[in-house]
Amino acid sequence: MVASKMMVAKEVIPLLTPHKMGRFELSHRVVLAPLTRCSSYANVPQPHAAAYYSQRATRGGLLIAEATGVSATAQGYPETPGIWTQQQVDAVHRKGALFFCQLWHVGRVSTNVWYGQAPISSTDKQITPDAESGMVYSKPRQLQTDEIPLIVDDFRRAARNTIEAGFDGVEIHGAHGYLLEQFMKDNSNDRTDEYGGSLENRCRFALEVIDAIVYEIGADRVGIMLSPFVDYMDCFDSDPHTLGMYMVQQLNKHQGFVYCHMVEPRMAIVDGHKQMPHGLLPFRKAFKGTFIAAGGYDREEGNKVVADGYADLVGYGRIFLANPDLPMRFELDSPLNKYDRNTFYTHDPVIGYTDYPFLEGSNAE
């Protein structure tokens, strides 16, 4: 007599299923979102940066490096990166991960300290001082029309340098109140030239940056981060839905544009529990490439949005920072390390950077 065998189906974890992102094959959908870490001394990533990213690398996983300045005028925070080396990128590739570099220009989110003159922006309106932190940003200088192509070219050259350093692609930072968004949103763009006024004019600069980078390295290596609903650094729009949809439609004109990474509207707290707004569905439906959702997700919500087809990938920031083996913890449904906000922006190469513990048996090499 043949004994019958009970077959127990293994739980399918949506976040840990494979995904084809354009030309790239991903083994799971847990993305390290770009996180500013102020540990690139003299604006050059150090060996501890290679350790930080390689700790979070998994075979077939996608890492997006912290925002990296495209020029001397792009800086707004201390010890943020502007240059990467082949050796540092190789540390991630040795573990089989994909590595994209986020390119940014902070615009008016800066002070005269960084390069001895007023920050540049779409406007000359100063950001309201932060009452909590006491931070005061300098009054910016509105870019002249004939200067804008020079900034576009800074992005183009930075993209080329990024690929030559060995990255798999670039993410254009078009979110969170920085330069591209300063042009895109009507509250921070009071221009009267061809870069101001109408929605099409306000988005012109961002689209010229996208066009230049796509021409330089190919659409199949380019993604973008957008945050139409976010009000950050006095940068908001009166019609964020229309703004977001217009940008998605323009991205679709580039065949093979690899991904759109979009930030959720601010989540609400209902009866002591966070409630995800899930406001990105129209953009996810409209965009033809891979869609990444970000903004306060945990394991449960991440699995839900992938299973429902709301997003292809989910970006994780603070909890990936504190849990270098996050995909494994999601697989095992293990407890998470708590992150320490006090060490987010310090310059220490270890504390709050590479010292978060791994699960026993996890690969910390």
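How many helices and strands does the secondary structure of the chain come to? And which residues line the largest cavity?

Analyst: The model shown here is predicted. Its chain comes to 11 helices and 14 strands. There are 365 residues in the chain, and buried residues make up 57% of them. Among the contacts with a separation of 6 or more, 71% are between residues 24 or more positions apart.

Now to the empty space. Rolling a probe the size of a water molecule over the atoms shows where such space is left. The structure holds 1 cavity of 30 Å³ or more. The space in the largest cavity is about 50 Å³.

The lining of the largest cavity is made up of Gly 174, Glu 181, Met 184, Lys 185, Leu 226, Ser 227, Pro 228, Leu 243, Gly 244 and Met 247. Two helices, α4 (179-184) and α7 (240-251), each supply at least two residues of this lining. The largest share comes from α7, with 3 residues. By type, the lining divides into 5 nonpolar, 3 polar and 2 charged residues.

Helix α3 (residues 148-164) and helix α6 (residues 204-217) have axes that come within 9 Å and cross at roughly 35 degrees. The crossing of α3 past α6 is right-handed. On the α3 side, the residues that meet α6 are Ile 148, Ile 151, Val 152, Phe 155, Arg 156, Ala 159, Arg 160 and Ile 163. On the α6 side they are Phe 205, Glu 208, Val 209, Ala 212, Ile 213, Glu 216 and Ile 217. The residues of this contact divide into 11 nonpolar, no polar and 4 charged. The lining of the largest cavity, by comparison, has 3 polar residues.

Met 135 lies in the loop between β6 (120-121) and β7 (141-142). Met 135 counts as partly exposed because its relative accessibility is 30%, and partly exposed covers the range between under 20% for buried and over 50% for exposed. Leaving aside residues up to four places away in sequence, Met 135 touches Thr 111, Pro 129 and Asp 130.

Conventions
Residues numbered from 1 in each chain as written. Predicted model: local features only at pLDDT ≥ 70, side-chain atom pairs only at ≥ 80, totals over all residues. Heavy atoms only, no water. 1 Å grid on protein atoms, 1.4 Å probe; cavity = no way out; pocket = protein on both sides within 12 Å on 5 of 7 lines; lining within 4 Å. Points joined across faces, edges and corners; volume = space filled by probe spheres on them. Helix = DSSP H or I, 4+ residues; strand = E, 2+ residues; numbered from the N terminus. Nonpolar A, V, L, I, M, F, W, Y, C, P; charged D, E, K, R; others polar. Buried < 20%, exposed > 50% of the residue type's maximum accessible area, 1.4 Å probe, protein only. Contact = heavy atoms within 4.5 Å. Axes fitted to C-alpha atoms, helices over the stretch in contact; angles between N-to-C directions. Left-handed = near helix turned anticlockwise from the far one by under 90°.
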